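Please find below a colleague's note, arranged as numbered points for reading beside the sequence and the model.

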Amino acid sequence: MIPIRRVGVIGAGVMGSGIAAHLANASIEVELLDIVPPNLSDAEKGNPRARSRFAEGGLDKALKSKPAAFFHPGRASLVRAGNLEDDFDRLKSCDLVIEAIVERLDIKRALFGRLDAALSESTLVASNTSGLRIADMLEGRSAGFRSRFCVMHFFNPVRYMKLLELVNGPETSAETTRRIEHFGREVLGKGIVFAKDTPNFIGNRIGTHAMLFGIHQMLEDGLAPEDLDAITGPPMAHPKSASFRTADVVGLDTVVHVADNCYDVLTKDPERSVFKLPEYVREMVAAGLLGNKTKSGFYRKRGDEIETYDPYEKKYRARGGSADVRKACKAIASHEDPRERVRKLFEDDGPAGTFAWKLTRRALAYAATMIGEITDSVTAIDDAMRWGYGWELGPFESWDAMGFARVVERMEKDGVALPAAIATMKAAGATAFYRSGEVFDLTVGKYVARETDPRDLPVPALRRGDAPVLRNGGADAWDLGDGVLGLTYRSKANSIDPDVIALLEQATERAERDFRALVIANEGEHFSVGANLFGVVVAAQQQQWDELGKMVSALQQAGQRLKYAKVPVVAAPFGMAVGGGLEVCLAAGAVQAAAETYAGLVEVGVGLIPAGGGCLNLVWRALESIPEGADVIVQSLVGQVFKNIATANVATSALMAQELGYFRRSDGISFDKARLVTDAKARALGMARSGYHAPAPRAYKLPGESGIATLGMLVDTMTAGGFATEYDAVIARKLARVLCGGAGGAARLVTEQDMLDLEREAFLSLCGEQRTLDRMQHMLMHNKPLRN
């Protein structure tokens, strides 16, 4: 297959610049072009930067965007800005050109005409449109152009949203489809769903219907916006942003555009009236209340308080809503399993459950009715809603969770119109849309094999046998097949407690004896949030210094055991991997990280320093690539490690973690988190099959007393400038002593055990400080650092 190395993106707005940024994240060279700004001055007309101001501005906004569009700011160097008059010929060297300009048919047609005349027969072309038909856009284009054309509909923000909807035209070639699908899935890490060429495709059609019907029903029933959001969030297995907060993030103007497009073109849709926006939403847009982008939308922040726009009074007010709804939704949301939440809400006969059923029955009926029009696949709709809207369960997965027959019976009792395909499914005796390896195909009326990627497997799916190889109260280790042992934490938030530490040692020993490799692969939202702070606080309060010292030593030795294991050890971090969570990764022989991994040693926030080998391994990482005999100023390398730890610098991507030295540049990055565990297992097996040998311990001369003094001056400057408190300075000085190998670090080779002893000594001394205890207790109570 011909690889895609360079991509042209036309249009540097929010979507175009976001697409360009994520292409750069994937190491793709990008030509980002936009129009020449109108009304340039005579001087500006001859200035290339001024003529490319729109593209330059889009790139600059992508660099400044929050959340970050780039994995690392350095990736912006892969994006070259330009304009469509002076730099159009740059597109000739591109393997793919993606159009992301204004949704006007005449402008798109004119652009495609220029591209048709200029591009080679091997260049693919895609549109990011969500509302215009392919046949209309390609009117007058050559047969070759039409064969190389498709729609690639990304979701915003592009970096974070997994969904990529692909739409083929009637003449799109199989080769075009194959190359684009491979590029989207394998290079960009996207989840691909194929949609039919209908307005707003799958995600926005289903998602907009659900959002707008919720608002209409809220107004009809006289509920408060807070009630709607309480119900349509976690209790329905939807994101915490629910309905109105999601709209604020997306932008009310975008919601209006999508809704109006649906209403205008879906003249035969049985639910067309749902897409007619409530008038008060239009009034909000006219008043500039667009959501997060204007800091005022359905909600706004005033001081420390969140205010709600009241749709009945047409003004902002203090937060409100029904106490009964809030109480019921909080209880339902406490269940970890989204299927259980959906079932509980379905069975609730109070105001929350009653209102939720009104929304659910309409949404499920609409999703079923759309089969055959927007897609033929039940799975495509479920995938689109999970990947594009952040739902934990798609419509048909939720239907299964509530019970297929129970839902149908209740809908029929309520007089809800269902498509004939549901009656066929019921008559066939089907009890669910999904069953082992199969899905019910509503277009043919029977179960068919479910197409899945064999790499998209969570930890439980890889486990062999009926019981774990090892287990205790905090973790277990299972046979993952092919000679790989998989260790998984079972503690709250995957925190590191004595049980986890014990199993790290035991699993390493067992892997060396009976397996070829060990993979540390956790489940949940985060890989690990670090040490169990509660245990540290209790021990410190009771002045159990010996016990605390033993716990720290145990984590240190578990890390050393991982580091020098005779079999490869691969850690598979995702989400937060902070504090002790990162220390385990630093000790592993290799890392296979999800692209969205947020890593850092953050112990200073609770008045401590890393003491599970974090200081040792971060310094050793900084020094390990120095060639023997090289005359290198070690102080600068140690100084950078000091800055990262002292400021609790958290990498906001796996790539940034590599740049900061938290991961090695040779460590792997999985763009699609669904493949993380199988990627980690493959890496571990690859290391085992290629003759893995454990590293040998090393010792280094460190800056010693002079380095401590140099870092001390930096601390003084930070404190004098108000960037650090007096107690921050106390912590930082202890950290400096550790990282410099103690006062004598320059006079001798500092061993790993020396570093571990220094870590432990500093950690225990800080645990004896009341101000550290205050910080730890504050963190436990409020989940945020205390500045003291």
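The points below concern a predicted model and take up its cores, helix packing and backbone geometry in turn.

1. The largest nonpolar core has 106 residues, and those that touch the most other members are Leu487, Leu504, Ile520, Val619, Phe663, Leu702 and Leu739. Helix 31, residues 726-739, gives the most to this core, contributing eight residues. As general background, nonpolar side chains in soluble globular proteins tend to be buried together.

2. Which residues is Ile520 in contact with, leaving aside neighbours within four places in sequence? The partners are Leu487, Tyr489, Leu504, Phe527, Leu562, Val569, Val570, Ala571, Ala572 and Val584. Leu487 and Leu504 are also named with Ile520 among the core residues that touch the most other members.

3. Helix 24 (residues 545-563) packs against helix 25 at an angle of about 30°, with the two axes 8 Å apart. Because angles under 35 degrees count as roughly parallel, helix 24 is described as roughly parallel to helix 25. In this pairing, Leu555, Gly559, Leu562 and Lys563 of helix 24 meet Glu583, Val584 and Ala587 of helix 25. By class, the contact comprises four nonpolar residues, one polar residue and two charged residues. Two of the residues named here, Leu562 and Val584, are also contacts of Ile520.

4. Helix 25 (residues 580-587) also meets helix 26 (residues 614-623): their axes come within 9 Å and cross at roughly 45°. That angle makes helix 25 oblique to helix 26, and the crossing is left-handed. From helix 25 the contact draws on Glu583, Cys585, Leu586 and Ala587, and from helix 26 on Gly614, Asn617, Leu618 and Arg621. These residues divide into four nonpolar, two polar and two charged. Glu583 and Ala587 of helix 25 also take part in the contact with helix 24.

5. Tyr280 lies in helix 13, residues 279-286. Is Tyr280 buried or exposed? Tyr280 has a relative accessible area of 5% and is therefore buried, the cut-off for that term being under 20%. Not counting residues up to four places away in sequence, Tyr280 touches Ile215, Met218, Leu219, Phe244, Phe298, Tyr309, Pro311 and Lys314. Tyr280 and Asp310 are 30 residues apart in sequence, with a C-alpha to C-alpha distance of 9.7 Å.

6. Two cis peptide bonds should be noted when the backbone is inspected. One joins Lys66 and Pro67, with omega about 0°; Pro67 sits in the loop between helix 4 (53-64) and strand 3 (79-83). Another joins Asn156 and Pro157, again with omega about 0°. Pro157 belongs to the loop between strand 6 (149-154) and strand 7 (163-168). In general, most peptide bonds are trans.

7. Asp482, which is not a glycine, has a positive phi of about 60° and is placed in the loop between strand 16 (475-479) and strand 17 (484-489). Asn494, likewise not a glycine, has a positive phi of about 55°. The loop that holds Asn494 runs between strand 17 and helix 22 (498-514). Asn494 is buried, with a relative accessible area of 6%.

Key. Residues numbered from 1 in each chain as written. Predicted model: local features only at pLDDT ≥ 70, side-chain atom pairs only at ≥ 80, totals over all residues. Heavy atoms only, no water. Axes fitted to C-alpha atoms, helices over the stretch in contact; angles between N-to-C directions. Helix = DSSP H or I, 4+ residues; strand = E, 2+ residues; numbered from the N terminus. Parallel < 35°, antiparallel > 145°, perpendicular 65-115°, else oblique. Left-handed = near helix turned anticlockwise from the far one by under 90°. Contact = heavy atoms within 4.5 Å. Nonpolar A, V, L, I, M, F, W, Y, C, P; charged D, E, K, R; others polar. Core = buried A, V, L, I, M, F, W, Y, C linked by side-chain atoms within 4.5 Å. Buried < 20%, exposed > 50% of the residue type's maximum accessible area, 1.4 Å probe, protein only.
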